[in-house]
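Q: Can you take me through this model? I'd like to start with how the terms are set.

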Amino acid sequence: MTDLTHVRMFARYAAWTNDVLYDSLREVPERERIAPRPSVFGNIMRTLNHVYVIDLIWQAHLEGRPHGFTARNTETHPPLAELHAAQKELDQWYIRYADDITKAAYGEIVNFTFVGGGAGSMSRGDILLHVVNHTTYHRGHITDMLMQIPFRPPATDLPVFLRDVPQTPGSNGA
C-alpha cells in the first residue's frame, strides 16, 4: 500500500489523539497517574513514557542513526507536562516526515536491530503505520487504567478525529 494520503492523515490522527489524551490526563490527580495498576507497564505515566520511547526508537530507525536505548522504557519519566511537550514535538516530526515522504521512499526497506535483540526490516511506510498502531494499542491500556480510577477517558477514535478535525487539502496529503 502506498496511499500517502492515508499515512499523512494517520500521522495527524496520532498527534491529535496524544493531545486529547494528555489534555484529559491533566484532570487526573498525579497520585492516580502513578498509582500501580494491573497493566503491562504498571501505571499510566510509565505507559505514556513507553509510547514516547518507542516513537523515539522508530524515529532513529527512519533517520538511520542509533537510538541509544537498551530497553523499551526508561527507569524514570518526566512529569506529565514535560512528557506531553516532548511527545507533541515528536508528533510534529512524524507529521513532517509523513508529509515529505515520497512514494518511492514509502516502500524503501529500513534494516534495524530490535531493542531486545535480533534483526528486523520494514518499509518506511509500514514503520509509520506501526507507530500509529502502537500508540492506539497502548491508549487502550491507558483507557482501562482510567476506568479503574474511575475516570471517563476521552473519545479518541478515528471517526471522532475525522468529525472534529477539518480535513482540508494539504492537511492530510489530499
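A: Helices (H or I, at least four residues) and strands (E, at least two) are DSSP runs, numbered from the N terminus. This is a predicted model, where local features need pLDDT of at least 70 and side-chain atom pairs count only at pLDDT 80 or more, while totals for chains, interfaces and linings use all residues. Residues are numbered from 1 along each chain as its sequence is written, and side-chain values use heavy atoms, with hydrogens and water left out.

Q: Which element gives the most to the lining of the largest pocket?
A: Helix α3, with five residues. A pocket here is an open set of points on a 1 Å grid over the protein atoms alone, where a 1.4 Å probe fits, with protein on both sides within 12 Å along at least five of seven lines; lining residues have an atom within 4 Å of a point.

Q: How do the lining residues divide into nonpolar, polar and charged?
A: Six are nonpolar, seven polar and one charged. Ala, Val, Leu, Ile, Met, Phe, Trp, Tyr, Cys and Pro count as nonpolar, Asp, Glu, Lys and Arg as charged, and the others, Gly among them, as polar.

Q: Switching to N49. Where is N49 found?
A: In helix α3, residues 44-63.

Q: Is N49 buried or exposed?
A: N49 is buried (under 20% relative accessible area, with a 1.4 Å probe and protein chains only), at 3%.

Q: What does its side chain make a polar contact with?
A: The side chain of N73, at 2.6 Å. A polar contact is a pair of N or O atoms within 3.5 Å; within protein, one must be able to donate a hydrogen and the other to accept it, and residues adjacent in sequence count only if both atoms are side-chain atoms.

Q: And how far apart are N49 and D164?
A: 115 residues in sequence, and 27 Å in space, C-alpha to C-alpha.

Terms used:
Buried < 20%, exposed > 50% of the residue type's maximum accessible area, 1.4 Å probe, protein only.
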